Amino acid sequence: MKTFCTSLAIGLIVTSAAPVRAASSAPPPGAASCSGCHAATSQAIPNIYGRDADATRSTLLAFRNGSMPATVMTRIAKGFSEDEIGSIAAWLATQK
């Protein structure tokens, strides 16, 4: 019984000392700057926060390869690798 109580106490201490995951993780490189244009209050530029990750990834890849031309986003998307685009899209999808 003493061993059980000691194990339980250690488990509780370790569990309570574990870091708590924040509601939204830190953005991957490049994602933090999206809010400069894609603010939730913008009427002209769409809100991309909480959008499906696959849709965002496809759109960014289309900007990057030129099949979806745009004045600014084509230039921005060309600066990211496919992995970076995937990370940005996944992170944006978790944001509200």
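How many nonpolar, polar and charged residues are there, by class, in the lining of the largest pocket?

## Basis of the model

This is a predicted model, in which local features need pLDDT of at least 70 and side-chain atom pairs count only at pLDDT 80 or more, while totals for chains, interfaces and linings use all residues. Residues are numbered from 1 along each chain as its sequence is written, and side-chain values use heavy atoms, with hydrogens and water left out.

## The largest pocket

The lining of the largest pocket has 13 nonpolar, six polar and one charged residues. A pocket here is an open set of points on a 1 Å grid over the protein atoms alone, where a 1.4 Å probe fits, with protein on both sides within 12 Å along at least five of seven lines, and lining residues have an atom within 4 Å of a point. The volume, taken as the space filled by probe spheres set on the points, is about 390 Å³ for the largest pocket.

Of its 20 lining residues, His38, Ile48, Leu60, Phe63 and Met73 lie nearest the centre. Helices H2 (53-65), H3 (73-77) and H4 (82-94) each give two or more residues to this lining, the largest share, four residues, coming from H2; helices are DSSP runs (H or I, at least four residues), numbered from the N terminus.

The whole structure holds two salt bridges, each defined as a side-chain nitrogen of Lys or Arg within 4 Å of a carboxyl oxygen of Asp or Glu. Glu82 pairs with Arg57 at 3.7 Å, N to O; because Glu82 lies in H4 and Arg57 in H2, this pair ties together parts that are 25 residues apart in sequence.

Terms used: Ala, Val, Leu, Ile, Met, Phe, Trp, Tyr, Cys and Pro count as nonpolar, Asp, Glu, Lys and Arg as charged, and the others, Gly among them, as polar.
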